[in-house]
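Subject: Structure for you to look at

Hello,

Here is the structure I promised to pass on. Please open it beside this email and follow along.

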Amino acid sequence: MSALGSQADPSATGREWRTLVGRRTVLTVAHTITYAKRLVDILSLVDDDFRVQVAFTAPPHVFGDEVPRFLERLGCAVLPWEEAVRLPFDVAVAAGPKGVERLSAPLITLPHGAAYLKLVPSATEPGVAGLRRTDLAPGGKLPAALVMPHHADLAELARQCPEAVPLAHVVGDPVYDRMSVSLPLRERYRAALGLRGSQKLVVVASTWGARSSFGRFESLLPRLLSELPADEYRCVVLAHPNVWSGHGAWQVRSWLRRCARLGISLLPPEAEWRSVLIAADWIIGDHGSVTLYGTLTQAPVLLASSPAGDINPASPAATLALTAPALSPVHPLADQLRYAAAEYRREEYTEISARITSEPGRFHRNMRRLLYRTLGLGQPAHPPVTAQLPAPPPLSAWPTAGQEVPA
């Protein structure tokens, strides 16, 4: 039994006021907002189960400044990291490796994005991010279980960290499944955003790093403002949370404040982006997960950045780079959007999105089985539900001078 269970000394956790004791405990290890949002998405699997207590902790991380505030807004019970590593838990879940070898719990690790898209050009351990030994076994300690989205990823895992193969469970992808069940709500999402009549939505998605599309915003943003008539087009920027954390939220809003005043909407990192992506008419993106998830929708994709040296050649991002048209710096932007729509072939993008998961629609079923087996509990006597995504707030409520949009 864990330190939050009935056999623990209550003073060990500082939560002497708890009413329910003797629970099995799940520690959610939230390094960054990206990781936290992925983990929170799966915690619905223990909803309504009074046998399970969930706690959160936020380890030190270079991109983790906003995590405590994010967890506080969710109303989470948060343990300081140095306290969390001293306490035993029945299971821990994490989407990143930093410090997890210090935990006293069977650890389940998950990828924090779509597939395994990026290469790490490290001098000491190059390879596919998320599948290298240093990613999977920090401090030389392997997890109890490794969640993977697709059977095709097992071959790369066997090359990079063969000792982890017996621990791998092909479970699927939660974002893929939630977006899939939400696709029929596209018109509702568009209405919620406040799009009028034939008005088109252009979503500009960026991962982080020097070769991301955000790294080219100085040239892209003026074109969005000057070449797309505001009465015909609305533009939304979805920047990776690491962009916000790395540069600071104040700085990102400062860079984009005038654009926001002129009609380009900026989604903050804690807000729901998946329903906005479903509402898009076009997606201008790069080699990040958000652009890849965009292949689930019927929006044509244009790539503002797609650096071959950063992309896992066996990933669906590599196929997308060969399929989606590259944004031209010289041709009129509206003409390029029309060209992308005319050349769009839904079957090509369906093949790409199929490479995200080999367990479509089954993530929650598979993940709940793994989680409860690790907890040593029988599953609840009802099927897990893949919930549809909430509607986004209207664009008129989004920031125009640096304030935040409701999450």
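Below is what was found in it, from the whole chain down to single residues.

First, the ground rules. This is a predicted model, where local features need pLDDT of at least 70, side-chain atom pairs count only at pLDDT 80 or more, and totals for chains, interfaces and linings use all residues. Residues are numbered from 1 along each chain as its sequence is written, and side-chain values use heavy atoms, with hydrogens and water left out.

**The whole protein**

The protein has 16 helices and 14 strands. These are DSSP runs, numbered from the N terminus: helices are H or I with at least four residues, strands are E with at least two. The C-alpha trace spans about 65 × 45 × 40 Å along its principal axes.

Of the 407 residues, 55% count as buried. Buried means under 20% relative accessible area, exposed means over 50%, and partly exposed lies in between (1.4 Å probe, protein chains only). Now take contacts (heavy atoms within 4.5 Å). Among those between residues at least 6 apart in sequence, 71% join residues at least 24 apart.

**Salt bridges**

How many salt bridges does the structure hold? There are 18. A salt bridge here is a side-chain nitrogen of Lys or Arg within 4 Å of a carboxyl oxygen of Asp or Glu.

Start with Asp-41 and Arg-274. Their closest N and O atoms are 3.0 Å apart.

Next, Arg-190 pairs with Asp-281, with the closest N and O atoms 2.8 Å apart. This pair also links distant parts of the chain: Arg-190 is in helix 7 (residues 186–193), Asp-281 is in the loop between helix 11 and strand 13 (282–285), and 91 residues separate them. Arg-190 is buried, at 9% relative accessible area. Asp-281 is buried too, at 14%.

Last, look at Asp-335 and Arg-338. Their closest N and O atoms are 2.4 Å apart. Both lie in helix 14 (residues 333–343), 3 residues apart, about one turn of the helix. Are they buried or partly exposed? Asp-335 is partly exposed, at 38% relative accessible area. Arg-338 is partly exposed, at 47%.

**Helix 6 and a neighbour**

Helix 6 (residues 174–182) is mostly covered, with 7 of its 9 residues buried. Among them are Tyr-176 and Arg-178. The buried residues of helix 6 pack against helix 1, helix 7, helix 11, helix 12 (289–293), helix 15 (346–353) and helix 16 (363–375).

Ser-353 lies in helix 15. It counts as buried, at 4% relative accessibility. Leaving aside residues up to four places away in sequence, Ser-353 touches Tyr-176, Thr-295 and Leu-296.

Best wishes
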